Amino acid sequence: MSTNHRPVVVVGAGPVGMSAALALRALGRPATVLEAGTEDRLRPGSRAIFVHGATLEVLDRSSPGLAGDLAAHGLVWQTKRTFYAGRQVFARTYPPPAAGVLPHFTSLPQVETERYLLQACKAAGVEFVWNAEVVDAVAGPDGVTLTTVAGTRWSAEYAIAADGSRSAVRKALGVPMEGSRSDGWYVVVDVEEDPGDPMPVERVFHYAHPRVDGRNVLLVPFAGGWRVDLQLHDGDDPERLSHGDGLRGWLRAVLPPAYAERVAWASTYQFLQVVADDLADPYRRVLLAGEAAHLFAPFGARGMNSGVPDADAAAAAVHLALSTPVPARARAAVEDFALSRRRAALFNRDAAGAALAHLRPGPRERAALEEAARGADRDESFGHWLDTAPYGPRDLPPGNTIYKY
Ligand SMILES: Cc1cc2nc3c(=O)[nH]c(=O)nc-3n(C[C@H](O)[C@H](O)[C@H](O)COP(=O)(O)OP(=O)(O)OC[C@H]3O[C@@H](n4cnc5c(N)ncnc54)[C@H](O)[C@@H]3O)c2cc1C
C-alpha cells in the first residue's frame, strides 16, 4: 500500500475546499485536494446562488480577478418586493451597482461559482486528485493520515476537511454535530429563464400567497433562471409537490405558465441547524470547514458565505502553524481557528434559526404579522420588517474578519 506525503491536504473539491486551496496557494503553500468524485461529476442542483460581497472580497484576495469574473457572470436585482395575502406591503428599488467596484452581492448558480473556482485553482497550481474518496482519517501529534477507498494513504502535517455535510473525515475523528432539524418542509426549485417571456429581475417574497392556498413563496432571480421556494403547510405531501403535475400545478400559479415546463431542478428539504462540537481534532491537525463543520437553513444565505471565510481562516491557521518552529504556537493557531469559526457558526445558526422561526409563526407571531401587513400603508417600517425578517438578521458574525496576510 503506497503512502504519499504533502504538507497540507484538503479533502473535498466543493466551493469550500477549492477556496481553502486557493488561499493556501496565495500564502505560497502547495495545495493538494482529494475529491471523491470525478472532475465532471454531477453536482446536486444549483444550491448557493446568493454570493455575498464579503465572500467576493475573500476570494478576490486569494485570486485577484476572481470576484470580478463571478460578479460579471452573476446578476444583481435592484428591486425587492413583499406581498401579504396578495397585497404589496413593501417595495424598494436601489440604484445599479457602481461601475468598477464589487457589488454587495451577486446571484449565480453554485455550479458556475465552482467552475470559476476550479479554473482559478488550476491557474494557481493546485493539485487535484479525483476519484479519491477519503474513508478514514487518523490524527496524531505530528500530523494526519488519510486513507482513500482505493487504499492509498496520504500523510500530511495538516488537513483541511471540506468534504461536506456527510464528512467522512469528521466522522472518522468522532466529532459530533449539535443542533436540531426544522419541522417544516420546503420545496426548492430552479427554473430556467424563458427568453420569450422574461420576468422582471426582482426578488419577491409572498406571505400567504392566495394562488397556492396561503403558502409562503420566495422568488429569487439568478443568472440564467429563478429560484422558487415553496413553504409547505403541515400535512402537505412533499413528494407530490416536487414532482410532475403536483409541481407544475403550483408553479403555474406563481410564475408565467411557460416556466412550469422549464424546471432545471427540484428538491424537498427539512433543514438542519447543526454545528460541530469542535472545528479541529484534539491534536489540532485537522481543521473542519464549510458543511463538514455546520449546516444551516438557507434563509439568509449563510452556508457557502460562511464556508468561504472558514476556508480562508483554516488556510491562514495552517500557514502560521507551518511557519513556526514552536509547537505551542502552531497549536494556538489552529485553536484560534477552531474557536473563532465555531463562534461564527453558532452565530450563523442562530441567525438562520431566527429566519426559520419567522417563517413558522405561532398564533401570537401570526397576529403581529397581520397587524404589520395592515399597518404597512401608513408606516413603511412595518413593510420593511415584513420584507427583511424572512432572511433573519443581516449582521455578519463577529470575527468574520478578512484575514490580513
Ligand atoms: C437549497 C439550498 C440553497 C442554498 N443557497 C445558498 C446561498 O444562496 N448562499 C450560500 O452561501 N449558501 C447556500 N446554500 C448552502 C451551500 O450550498 C453549501 O453551504 C455549500 O455547498 C457547502 O460547500 P462545501 O464545499 O462545504 O460542501 P459541498 O458543496 O457538499 O462539497 C463537498 C465536496 O466534497 C466531496 N466529498 C464528499 N465526501 C468526500 C470524501 N469522503 N472524500 C473526498 N471528497 C469528498 C464532494 O464530492 C464535494 O465535491 C444553499 C444550500 C441549499 C441546499
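I began with helices beside the ligand. Helix α1 (15-26) and helix α8 (304-323) each supply at least two residues of the shell around the ligand. I keep in mind that this is a predicted model.

Next I looked up the whole shell. I found 33 residues surrounding the ligand. The closest are Glu35, Arg41, Arg43, Gln110 and Asn305. I sorted the shell by class: 18 residues are nonpolar, seven are polar and eight are charged.

Where does the ligand lie relative to domain 1 and domain 2? Domain 1 (3-75 + 103-180 + 272-357) and domain 2 (186-269) both give residues to the shell, so the ligand lies between them.

Then I checked backbone atoms. A backbone N or O atom of Val16 lies 3.1 Å from an oxygen atom of the ligand. For Pro15, a backbone N or O atom lies 3.4 Å from a ligand oxygen atom. A polar backbone atom of Asp163 is 3.4 Å from a nitrogen atom of the ligand. I also noted the area: taken alone, the ligand exposes 1,000 Å², and the protein buries 89% of that.

Last, I looked at one pair. Strand β4 (residues 79-84) and β5 pair in the antiparallel sense over six bridges. Here Tyr84 stands opposite Arg87 in β5.

Note on methods. Residues are numbered from 1 along each chain as its sequence is written. This is a predicted model: local features need pLDDT of at least 70, side-chain atom pairs count only at pLDDT 80 or more; totals for chains, interfaces and linings use all residues. Side-chain values use heavy atoms; hydrogens and water are left out. A residue is near a molecule or strand if one of its heavy atoms lies within 4 Å of it. A polar contact is a pair of N or O atoms within 3.5 Å; within protein, one must be able to donate a hydrogen and the other to accept it, and residues adjacent in sequence count only if both atoms are side-chain atoms. Accessible areas come from the Shrake-Rupley method with a 1.4 Å probe; for residues, only the protein chains shown count as cover. Helices (H or I, at least four residues) and strands (E, at least two) are DSSP runs, numbered from the N terminus. Ala, Val, Leu, Ile, Met, Phe, Trp, Tyr, Cys and Pro count as nonpolar, Asp, Glu, Lys and Arg as charged, and the others, Gly among them, as polar. Domain bounds come from an automatic or database domain assignment. Two strands pair if DSSP finds at least two bridges between them.
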